[in-house]
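I opened a new structure today and kept notes as I went. Here is what I looked at.

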Amino acid sequence: MKRILVTGGTGFIGSHTVVELQNQGFDVVIVDNLSNSKETVVDSIEKITGVKPAFEKVDCTDFAALENVFRKYDGIEAIIHFAASKAVGESVQKPLMYYRNNIVSLINLLELMPKYGVRGFVFSSSCTVYGEPDELPVTENAPIKPAESPYGNTKQINEEIIRDTVKSGAPVNAVLLRYFNPIGAHPTALIGELPNGVPQNLIPYLTQTAIGIRKELSVFGDDYNTPDGSCIRDYIYVVDLAKAHVCAINRILNNEQKEKVEAFNIGTGRGVSVLELINAFEKATGVKVPHRIVGRRAGDIEKIWADPQLANNELGWKADTDLEETLRTAWKWQLKLREDGVM
C-alpha cells in the first residue's frame with residue numbers, strides 16, 4: 001500500500017482528496033494545523049471510506065515538528081500540498097502572514113523530501129497565476145501575469161520555487177494543478193466547505209443566505225463586459241477536482257511524466273456568471289436566494305475559464321458532474337450542518 005502525505009488534509013479540497021486516495025487503496029497521513037478546519041473531519045472521512053487516516057496536528061512552517069512526521073511514518077512516496085492561507089482579501093491586509101505561511105511551508109517540505117526519499121510532489125496551485133487572461137479559454141501556455149494579491153503571488157512564487165528546486169537536480173518530480181473554482185460537497189454530506197467566520201467564497205455564502213443565516217448575497221458588479229454584467233468563473237465540483245490529484249499521483253508514481261515538472265488546468269471548460277450560478281442553484285433546489293447588486297470588489301477579474309484539454313488527454317481526467325447536481329450537493333451539505341446544529 002503506497003503511503004501519501006496530505007498537508008491541509010482536513011480542509012475543503014484536502015478532505016475530499018483524502019477520500020478519493022483511500023478509495024483507490026492509498027495509505028494516507030494527514031498533516032494540518034486546524035487553522036481553518038476541524039479535527040472531526042478525520043472521523044467523517046472514516047465514515048465515508050471505512051478507513052481512518054493517520055492525523056498529525058502540525059504546522060508545516062515548524063520544520064522540527066514536520067520532520068518528526070517524516071520520521072514517524074516510513075516510506076512516504078509522495079506529498080500533496082494543500083496547506084496554505086487562501087483568502088484573497090485577507091492576503092491584501094496581512095501580506096506577511098501569507099508569505100510566511102505559504103512559502104515557508106513549501107520550502108520545509110522540499111528540504112525534507114530528499115532526506116526521506118520522497119520523490120513525488122503534487123502542488124495545489126490556482127488559476128490566479130494567469131491574472132486577467134488575454135485569451136479565453138485559458139491554456140497552460142498562457143502568460144503568468146503579475147499577481148492581483150499576495151495570495152496569488154504566493155502561488156506564482158511557489159511554482160517558481162518548485163521549478164528551481166527540480167532544476168537544481170533535486171530528486172523530485174512535481175505536478176502543479178491550477179484549480180479554477182471548486183464548489184459543492186461530498187454526496188454523503190459528511191464533508192464539505194465549512195469556513196471559519198464569514199465565508200470568503202461564493203457558494204458557502206450563497207447557501208448560508210438561502211438557509212437564512214445571512215440576510216442577502218452581494219453580487220459584486222453588474223457592469224462587467226459579460227452577457228449579464230456579472231463576473232464569469234469556471235466552477236468545478238470538488239469531488240471531480242479531488243480525483244485529479246489521484247491521477248497526478250499515479251502519473252508520478254508510474255513514471256508517466258513527460259517532464260519532471262508539469263502543470264495542468266483543472267476546470268470544466270465552461271464559464272458561468274455569478275447571476276447564472278444563482279439561477280442554477282434556485283432551479284436545482286427550488287430555494288430562492290435573496291441577492292442584490294453592489295459595487296465591484298477590488299482584485300476581482302472579469303472572466304476566466306479553463307481549457308482543460310491537456311488534463312483530459314495527459315492525466316486521463318475529466319470533470320463530468322453537471323452544475324445543478326454540484327449545487328444540490330452544496331445545499332444538501334448546508335442542510336446537514338443545520339440538522340447537526342453547526343449552523
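My entries go from the whole chain to single residues.

**Ground rules.** I am reading a predicted model, where local features need pLDDT of at least 70, side-chain atom pairs count only at pLDDT 80 or more, and totals for chains, interfaces and linings use all residues. Residues are numbered from 1 along each chain as its sequence is written, and side-chain values use heavy atoms, with hydrogens and water left out.

**Overall build.** I found 11 helices and 13 strands in the protein. Helices (H or I, at least four residues) and strands (E, at least two) are DSSP runs, numbered from the N terminus. The radius of gyration is 19 Å, close to the 20 Å of the globule rule for 343 residues, so the protein is as compact as a globular protein of that length. That radius is taken over C-alpha atoms, and the rule is 2.2 Å times the number of residues to the power 0.38. Along the principal axes, the C-alpha atoms fill a box of roughly 55 × 45 × 40 Å.

**Burial.** I looked up how much is covered: 55% of the 343 residues count as buried. Buried means under 20% relative accessible area, exposed over 50%, and partly exposed in between (1.4 Å probe, protein chains only).

**Helix α3.** I listed the buried residues of α3 (residues 63–72): A65, L66, E67, V69 and F70. Their cover includes β1 (3–7), β2 (27–32), β3 (54–57), β4 (76–81) and α5 (95–115). Contact here means heavy atoms within 4.5 Å.

**Helix α9.** I checked the length of α9 (residues 274–285). Its 12 residues should span 16 Å at 1.5 Å a residue, and its end C-alpha atoms are 17 Å apart, which agrees. The expected span is 1.5 Å times one less than the number of residues. Mostly covered, α9 has 9 of its 12 residues buried. Among them are L277, I278 and F281. The buried residues pack against α7 (202–210), β8 (217–220), β10 (235–237), β12 (272–273), β13 (291–294) and α11 (323–339). Just after α9, G286 takes a positive phi of about 75°.

Most residues other than glycine have a negative phi, and most peptide bonds are trans. I noted these exceptions.

- L34, not a glycine, has a positive phi of about 60°. I found L34 in the loop between β2 and α2 (40–49).
- N255, also not a glycine, has a positive phi of about 55°. N255 sits in the loop between α8 (238–253) and β11 (261–266). At 59% relative accessibility, N255 counts as exposed.
- The peptide bond from L136 to P137 is cis, with omega near -10°. P137 is in the loop between β5 (120–126) and α6 (150–167).
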